[in-house]
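I opened the notebook to go through this protein piece by piece. Entries follow in the order I looked things up.

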Amino acid sequence: MNDDIYRKPRLLIPDNSPLSLLSMAGREALDYLFAPGVEVWITDMVEIEATRDPDPGDDQRTEQRRAIAKWLDDNRHRISVMETAVGREYSKAMTNWTMGGSHPDLKPDWADRGHYSLFDILNAAETFVEDSEAVVLLVDDRRARTTLRQNEDLNLDILSTRAFISMLEHEFGIENVADLWPLVAHT
């Protein structure tokens, strides 16, 4: 028998891009993450990145960030936020920065911390993911996908947001889900 048929997958979102892209099609598009009926995990750094106030010069999609924050709050019972060492250190750095007067030129850099937190969570996942379980990673960054494919300790399936949308249509028979990508691509 094929063991893949009996695998219990978990959807891990270690990058803000899937949340950001889906939210471009509307807040309700984020609910498609629950369509496969599996546990949904995000790293603490993804939550921070997706909901933080943007710095000057950053993408200013504040309404989109608010929609993601509201969606995360509304679905706390359905989403596991996985604590990482990177997330803990960033939170400490931000607390120190705030206590030190919040000088803009001393603000801790958050760039790529979501990617770094991914490796923390993969190490932790090795201890609690059963051999019969799979981790489905929703990652849009090509460099991260390339690096993750080299992991031999976990049963990983790696999808981009576009491939995830296609899977929902073709494997789960969700009608009209293919209409999401044109909304995302043209926003």
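What percentage of the 187 residues of the protein count as buried? I get 45%. I am working from a predicted model.

**Entry: overall layout**

I listed the secondary structure first. The protein has 8 helices and 5 strands. Reading along the sequence, I noted the pattern β-α-β-α-α-β-α-α-β-α-β-α-α. Residues 24 or more positions apart account for 71% of them.

**Entry: strands E2 and E3**

I turned to strand E2, residues 39–43. Of its 5 residues, 4 are buried, so E2 is largely enclosed by the rest of the structure. I looked for its partner next. E2 runs parallel to E3, and 4 bridges join the two. Where does Trp-41 stand? I found it opposite Ser-80 in E3.

How many residues of strand E4 (residues 133–138) are buried? I count 6 of 6, so to speak a mostly covered strand. Glu-133, Val-135 and Leu-137 point one way from E4. Ala-134, Val-136 and Leu-138 point the other way. Both sets are buried. I then followed the pairing. E4 and strand E5 (residues 156–159) pair in the parallel sense over 4 bridges. Leu-138 has Leu-159 in E5 as its bridge partner.

**Entry: helix H1**

I moved to helix H1, residues 16–24. Of its 9 residues, 8 are buried, and the helix is mostly covered. I wrote down the buried ones: Asn-16, Pro-18, Leu-19, Ser-20, Leu-21, Leu-22, Ser-23 and Met-24. I also looked just past the helix. Gly-26 takes a positive phi of about 115° there.

**Entry: H1 against H3**

At what angle do the axes of H1 and H3 cross? I read roughly 105°, and the axes come within 10 Å. H1 and H3 are therefore roughly perpendicular to each other. I listed the residues in the contact. H1 supplies Leu-19, Ser-20, Leu-21, Ser-23 and Met-24. H3 supplies Gln-64, Ile-68 and Trp-71. I sorted the residues of this contact by type: 5 are nonpolar, 3 are polar and none is charged.

**Entry: H2 against H3**

I checked H3 from its contact with H2 as well. Helix H2 (residues 44–51) and helix H3 (residues 62–74) pack at an angle of about 140°. Their axes are 8 Å apart. That angle makes H2 oblique to H3. Which residues of H2 and H3 meet? From H2 I have Glu-47, Glu-49, Ala-50 and Thr-51. From H3 I have Arg-65, Ile-68, Ala-69 and Leu-72. This contact divides into 4 nonpolar, 1 polar and 3 charged residues. I marked Ile-68 in my list, as it is in the contact with H2 and in the contact with H1.

I looked up Thr-84 next. It is found in the loop between strand E3 (79–82) and helix H4 (85–99). Is Thr-84 buried or exposed? Thr-84 has a relative accessible area of 1%, and the cut-off for buried is under 20%. I therefore log Thr-84 as buried. I followed its side chain. It reaches the backbone nitrogen of Gly-87 at 3.0 Å.

Then I went to Phe-119, which has its place in helix H5 (residues 113–128). Phe-119 is partly exposed, with a relative accessible area of 36%.

Ser-102 has a phi near 60°, a positive value in a residue other than glycine. Its place is in the loop between H4 and H5. Ser-102 counts as partly exposed, at 28% relative accessibility.

Asn-176 was the other. Its phi is positive, about 70°, although Asn-176 is not a glycine. I placed Asn-176 in the loop between helix H7 (161–170) and helix H8 (180–185). Is Asn-176 buried or exposed? Its relative accessible area is 57%, and I log Asn-176 as exposed.

Key
Residues are numbered from 1 along each chain as its sequence is written. This is a predicted model: local features need pLDDT of at least 70, side-chain atom pairs count only at pLDDT 80 or more; totals for chains, interfaces and linings use all residues. Side-chain values use heavy atoms; hydrogens and water are left out. Axes are lines fitted to C-alpha atoms, for helices over the stretch in contact, and angles run from 0 to 180 degrees between N-to-C directions. Angles under 35 degrees count as roughly parallel, over 145 as roughly antiparallel, 65 to 115 as roughly perpendicular and the rest as oblique. Contact means heavy atoms within 4.5 Å. Ala, Val, Leu, Ile, Met, Phe, Trp, Tyr, Cys and Pro count as nonpolar, Asp, Glu, Lys and Arg as charged, and the others, Gly among them, as polar. Buried means under 20% relative accessible area, exposed over 50%, partly exposed in between (1.4 Å probe, protein chains only). A polar contact is a pair of N or O atoms within 3.5 Å; within protein, one must be able to donate a hydrogen and the other to accept it, and residues adjacent in sequence count only if both atoms are side-chain atoms. Two strands pair if DSSP finds at least two bridges between them.
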